[in-house]
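Q: I have a structure to look at and would like to learn how to read it. Could you take me through its features in turn?

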Amino acid sequence: MNEELKLLVIPVLIGILEVFKKLGLPVKYVPVLSLLLGVLASVSVSGLAVENFMQGLVYGLSACGLYSGTKATLEEVE
């Protein structure tokens, strides 16, 4: 996958997940959707390979963790 494109995957995933939540997706399904979208993004751009699948899992987990970490930090500040 192109290096510049890799930098954009996680923020784009976070945005897509927010849209799904606004559309009524229960929050308990967000991590699963994050993993699926991360794998789909990686495999669709880089091809079907184990390395790409694993990279997609990392993207999905990173997007989900970044969102929950930011949310927890902001809740503590308030």
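The dialogue below goes from the model as a whole to its helices, core, surface and charges.

Q: What should I know before I begin?

A: This is a predicted model, in which local features need a pLDDT of at least 70 and side-chain atom pairs count only at pLDDT 80 or more, while totals for chains, interfaces and linings use all residues. Residues are numbered from 1 along each chain as its sequence is written, and side-chain values use heavy atoms, with hydrogens and water left out.

Q: What is the average pLDDT of the protein chain, and where is confidence lowest?

A: The pLDDT is the predictor's confidence in each residue, on a scale from 0 to 100. Where it is low, the predicted coordinates should not be read in detail. Here the protein chain averages 85, and 92% of the residues score at least 70; confidence is lowest in H3, with a mean of 81, and highest in H2, at 91.

Q: How many helices and strands does the protein chain have?

A: Helices (H or I, at least four residues) and strands (E, at least two) are taken as DSSP runs and numbered from the N terminus. The protein chain has 3 helices and 0 strands, so that, by this numbering, its elements run α-α-α from the N terminus on. Its C-alpha trace spans about 40 × 25 × 15 Å along the principal axes.

Q: Which residues make up the largest nonpolar core?

A: A nonpolar core is a set of buried Ala, Val, Leu, Ile, Met, Phe, Trp, Tyr and Cys residues joined through side-chain atoms within 4.5 Å, where buried means under 20% relative accessible area, exposed over 50%, and partly exposed in between (1.4 Å probe, protein chains only). The largest one has 9 residues, namely Val9, Leu13, Ile14, Leu17, Val30, Leu33, Leu37, Tyr59 and Ala63. Of the 78 residues of the protein chain, 24% count as buried; the buried residues of H2 include Ser34, Gly38 and Ser42.

Q: Which residues make the nonpolar surface patch?

A: Patches are made of residues with over 30% relative accessible area and no salt bridge, like charges being joined within 9 Å and nonpolar side chains (Val, Leu, Ile, Met, Phe, Trp, Tyr) within 5 Å; accessible areas come from the Shrake-Rupley method with a 1.4 Å probe, and for residues only the protein chains shown count as cover. Leu5, Leu7, Leu8, Val12, Ile16, Phe20 and Val45 make a nonpolar patch of about 610 Å², with the largest share, 6 residues, coming from H1. Leu5 counts as partly exposed because its relative accessibility is 35%, and Val45, in helix H2, is partly exposed at 45%. Leu5 and Val45 are 40 residues apart in sequence and 9.3 Å apart in space, C-alpha to C-alpha.

Q: Which side chains meet in a salt bridge?

A: Side chains of opposite charge can pair when their charged atoms come close. A salt bridge is counted when a side-chain nitrogen of Lys or Arg is within 4 Å of a carboxyl oxygen of Asp or Glu, and the count here is 1. The pair is Lys21 and Glu18, at 3.0 Å from N to O; both lie in helix H1, 3 residues apart, about one turn of the helix. Lys21 counts as buried because its relative accessibility is 17%, whereas Glu18, at 25%, is partly exposed.
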